[in-house]
Amino acid sequence: MAKIAFIGLGHMGGGMAPNLAKAGHEVGAFDLVPEAVHKAMEAGCSAAASAADAVKDADVVITMLPAAKHVRAVYNDDVAPNAKRGALLIDCSTIDVDSARDVGAQMAAKGFDFLDAPVSGGIAAAAAGQLALMVGGTDEQFERAKPFLEPMAKAVIHAGQLGAGQAAKICNNMILGATMVATCEAFVLAQKLGLDPQVFFDISSKASGQSWSMTSYAPVPGVGPETPADRDYEGGFAAALMLKDLKLAADAARSVGAYTPMGAEAEELYQRFVDRGGANKDFSGIIKMIDDSWKVPQD
Ligand code: NAD
């Protein structure tokens, strides 16, 4: 069993780190928020006093941070100067392809194996060890990393070389942003047409309108499996992070000349939702903006 440093214990990392401890690894956990470290400790990890403290004896370092600037800072300031020679470094955050390649090259120059391994699935999948991980790195690096990713995942897929995991993730989340907006619009229209939201869910989740946004993450309280909609859109995948991913997709599309009109429309709508104060709400909360008169159905 390995010594793993896990840095970033938010909505996702807070669920992922304990699954590595449950698999028998010794997990040293760190987050800037002390309460998050405390929760990880209660779930079987040990508390580290700082990122530097977490990585100093670790065989493997896993990070789950908000955005590229955090990833660059943690790897350059905390990990590279303090990690053991030859430690395996895996970043599970969602960041742009170029930043992943830059950080990977910087870590390779210091003698570390670095992989990008962004995840798909919400907080429930993170807690249940049921994420899909898409991994960028060489064949050898992938084989080395796989056993440490499996306890957090239902699928660990080698996407290609360094940065390929992020490319897959950005494309995937462009679909997610667009399908969530479409699903919200459909629920609002269905209700205005007199359909019961549960009946519409029962139909559409088995018909051609089904998608993950509908079947696994229905944006309507009391409909489908439990989702952030049942908690007034608290927790889950913050709209600000969805907007971040849509901007990453737009930048990537511009850089290669790809035409992505639905992604652009979803980006504009999420920008408006964030500007109206929705940044920290779950991204499915955009249903409230799509129809200001949207009412939570009452029993
Ligand atoms: P989050 O904001 O809940 O968690 C990030 C954590 O990183 C926070 O607890 C923060 O305190 C910590 N952090 C920031 N800088 C740090 C530092 N220097 N040292 C230690 N800790 C630091 O975000 P999240 O929802 O857990 O998402 C994390 C990443 O996963 C993002 O890149 C996001 O895009 C991606 N993601 C999220 C979801 C989701 O459903 N929430 C799904 C898939 C992917």
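Q: Which residues cover the two faces of strand 8, and are they buried or exposed?
A: In this predicted model, Leu131, Leu133 and Val135 lie on one side of strand 8 and Ala132, Met134 and Gly136 on the other, and all are buried, where buried means under 20% relative accessible area, exposed over 50% and partly exposed in between (1.4 Å probe, protein chains only). Strands (E, at least two residues) and helices (H or I, at least four) are DSSP runs, numbered from the N terminus.

Q: What does strand 8 pair with, parallel or antiparallel?
A: Strand 8 pairs with strand 7 (residues 119-120) in the antiparallel sense over two bridges, and with strand 9 (residues 153-160) in the parallel sense over six bridges; pairing requires that DSSP finds at least two bridges between the strands. Ala132 is the bridge partner of Ser120, while Leu131 has Ala153 in strand 9 as its partner.

Q: Switching topic, where is Leu195?
A: Leu195 sits in the loop between helix 8 (164-192) and helix 9 (197-204), and it counts as partly exposed because its relative accessibility is 37%.

Q: And what about confidence, what is the average pLDDT?
A: The protein averages a pLDDT (the predictor's confidence in each residue, from 0 to 100) of 95, and 98% of the residues score at least 70.

Conventions:
Residues are numbered from 1 along each chain as its sequence is written. This is a predicted model: local features need pLDDT of at least 70, side-chain atom pairs count only at pLDDT 80 or more; totals for chains, interfaces and linings use all residues. Side-chain values use heavy atoms; hydrogens and water are left out.
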